[in-house]
Amino acid sequence: MAPEQTYATGRRKTAIARVWITPGSGKVAINKMEMREYFGNIFFEPKVAKPFAVTETVDRYDVLATVKGGGKAAQVDALVHGIARALQELDPEMRLPLKRAGLLTRDQRAKERKKYGQRGARARFQFSKR
């Protein structure tokens, strides 16, 4: 392990991102693939770059991440959470801008479980009086 390497975990719904940050040129590798190759959607790129933009560290760190669980959108959110936590670990002075941008807060929202005797979590079966 390199001396400047930092590790953090990010989570969202059922997605978990394990993130390693090292000084570099701004490359992002997810599950041994490039970010565009893995996510395929260019709309996710600004979201992943946000922690670096907030802390003014664009193109200063390389990101190596393993992501599993959830869907692509939840995986992106987990990755962003992991990057923000790793940046904070690397330099504690980055905590305030990351916190103000809301990047250190884990989004707790997840799907509510289905209840017995009902069609879904809140939805009921149709009621017939007669």
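The model is predicted. Gln108 belongs to the segment after α4. Gln108 and Gln118 are 10 residues apart along the chain, and 24 Å separates their C-alpha atoms.

His81 is part of helix α3. Its relative accessibility is 6%, so His81 counts as buried, the cut-off being under 20%. Leaving aside residues up to four places away in sequence, His81 touches Thr9, Gly10, Arg11, Leu103, Leu104, Thr105 and Arg106. A polar atom of the His81 side chain lies 3.2 Å from the backbone nitrogen of Arg11.

Helix α2 spans residues 45–54. Its buried residues are Val48, Pro51 and Phe52. Viewed down the axis of α2, these buried residues fall within an arc of 95 degrees, so they line one face of the helix. An α-helix has 3.6 residues a turn, so residues three or four places apart point the same way.

Several elements cover the buried residues of α2. They include the strands β2 (15–23) and β5 (61–68). The helices α1 (35–39), α3 (72–90) and α4 (95–100) are also included in this cover. Helix α3 is also the helix in which His81 lies. Just after α2, Glu56 adopts a positive phi of about 55 degrees.

How values were computed
Residues numbered from 1 in each chain as written. Predicted model: local features only at pLDDT ≥ 70, side-chain atom pairs only at ≥ 80, totals over all residues. Heavy atoms only, no water. Buried < 20%, exposed > 50% of the residue type's maximum accessible area, 1.4 Å probe, protein only. Helix = DSSP H or I, 4+ residues; strand = E, 2+ residues; numbered from the N terminus. Arc of directions from axis to C-beta. Contact = heavy atoms within 4.5 Å. Polar contact = N/O pair within 3.5 Å; in protein donor to acceptor, adjacent residues only side chain to side chain.
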